[in-house]
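Keep the sequence at hand as you read.

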Amino acid sequence: MPKVIICGQKHLSIPNLPRNSRHTLIYPKPFPTGRYPIEKIWYPLASFMAWQPVWKGYQAIHSFNRILYTNKPWFLTFEDHRILYRNPQNQVEAAIYELLNNRLALDNCQKIIAISDYAKLRLVKRIEGWKIEEKVSKKVDVIHPNFPIKVKQSKLYQEQQNLQLVFIGNHIARKGGVVALRLAKKAEKLGLPITVHIISGLEHGSGVPTDFPDRSKYVDDLKLLKLNNVVFHRNIPNDKVIELLSQSHFQLMATLHDTYGYSIIEGFSVATPAITTNVCALPEFVRNGENGYVLELPINEIRHWSNWLHGEKTKTDEYWEIVDSTYDYLAEQALQQIMQFLDRSDKREHYEFLSAGALAQAQLVHNSEKQNELFDNLYAAAAVGV
């Protein structure tokens, strides 16, 4: 059986690999080992991690968000176009990235795997007009992330308890935790039977995409963690996250930007529908009224929230007014959607329909057993003749 080296960004590799491969998957340690991986010395060096033959007897490489310099057969999985460049600071870095980008057109680059149609769109638009455009475009396929399916049937709606909503995300503002907290405040004022669970490391402010950089602006929102209808879990083990997802009616992730949204698929694996936004890849697997609800934001041609400002503009009062009003807008839209649900005479049947839709999405598109066979076949084909 082939031996396959797995390298690149770990957070992306976990849900985009076979879970029980019949082949041998090798996870090399970063070089130098310890707290300072090689990209800390010079970022482009990260793409040279797997050059041969550091590990003898391997037949292929599967890289995640890294274009590699290797003669071995290799696969690339990516989440957006950022694999193609990292803001080169000089001509040497620019030359390195051109060298790496051109390797995508070589025959030993077996397949370029986008984790979503959004990711494919970002790559295709980025290479428009490049010499390698035609060759690279033919190699790109979409294979969605996979997760183990935890349940065999949809959930029943229990009307005697509060409606349980759960937010999951370390970035409390970008991912929609601020929206969840403002929704909880609105629900409490109206006396609605809603409980909001927050699982988060509460990262926010400078350095987080879409956030206003001044953390003091979020002080009042974080005080809402003490509301009577909010349960704050901070960081808990993944098995406890799955347990809470299975006990919740909806996962709420009113995000301003997220290249995918893995926690939503984890929710689907326990038949929990989602309430999310229409940005990036999310509308590809959350369909309004079928397996959850989609809150509409203004988006541009690359599916990004169109009011997102960048650079120094994020520090202006104008940008805080934009994000602040957007949090309020999404909280109100989510509240109205939930109130409509609670007012339905057929909410039990409707909820079971949404739950069945969530589970079906996980089973048909994100099923780890099906993806396991798909990846194993790719690896076996690449190893032939090596």
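Predicted model: local features only at pLDDT ≥ 70, side-chain atom pairs only at ≥ 80, totals over all residues.

Residues are numbered from 1 along each chain as its sequence is written, and side-chain values use heavy atoms, with hydrogens and water left out.

Start with the open sheet. Six strands lie in the order S2-S1-S3-S4-S5-S6, with parallel pairing. Strands here are DSSP runs (E, at least two residues), as are helices (H or I, at least four), numbered from the N terminus. Two strands pair if DSSP finds at least two bridges between them. S2 (24-26) and S6 (140-142) are the edge strands, each pairing on one side only. Neighbouring strands are turned by 25° against each other on average, direction ignored. Axes are lines fitted to C-alpha atoms, for helices over the stretch in contact, and angles run from 0 to 180 degrees between N-to-C directions.

Look inside this sheet. S3 (residues 60-64) and S4 (residues 74-78) run parallel, joined by four bridges. Here His-62 has Phe-75 of S4 as its bridge partner. Helix H3 (residues 117-126) packs on the sheet and touches S4, S5 (109-114) and S6. Contact means heavy atoms within 4.5 Å. The direction of H3 makes about 160° with that of S6.

Now turn to S10. Two bridges join S10 to S7 (residues 163-168), and the two run parallel. Val-166 stands opposite Gln-251 in S10. Three bridges join S10 to S11 (residues 274-277), again parallel. Leu-252 faces Ile-275 in S11 as its opposite residue.

Which way do the side chains of S10 (residues 250-253) point? Phe-250 and Leu-252 point one way, Gln-251 and Met-253 the other, and all are buried (under 20% relative accessible area, 1.4 Å probe, protein chains only). In a regular strand the side chains alternate between the two faces of the sheet.

Terms used:
Buried < 20%, exposed > 50% of the residue type's maximum accessible area, 1.4 Å probe, protein only.
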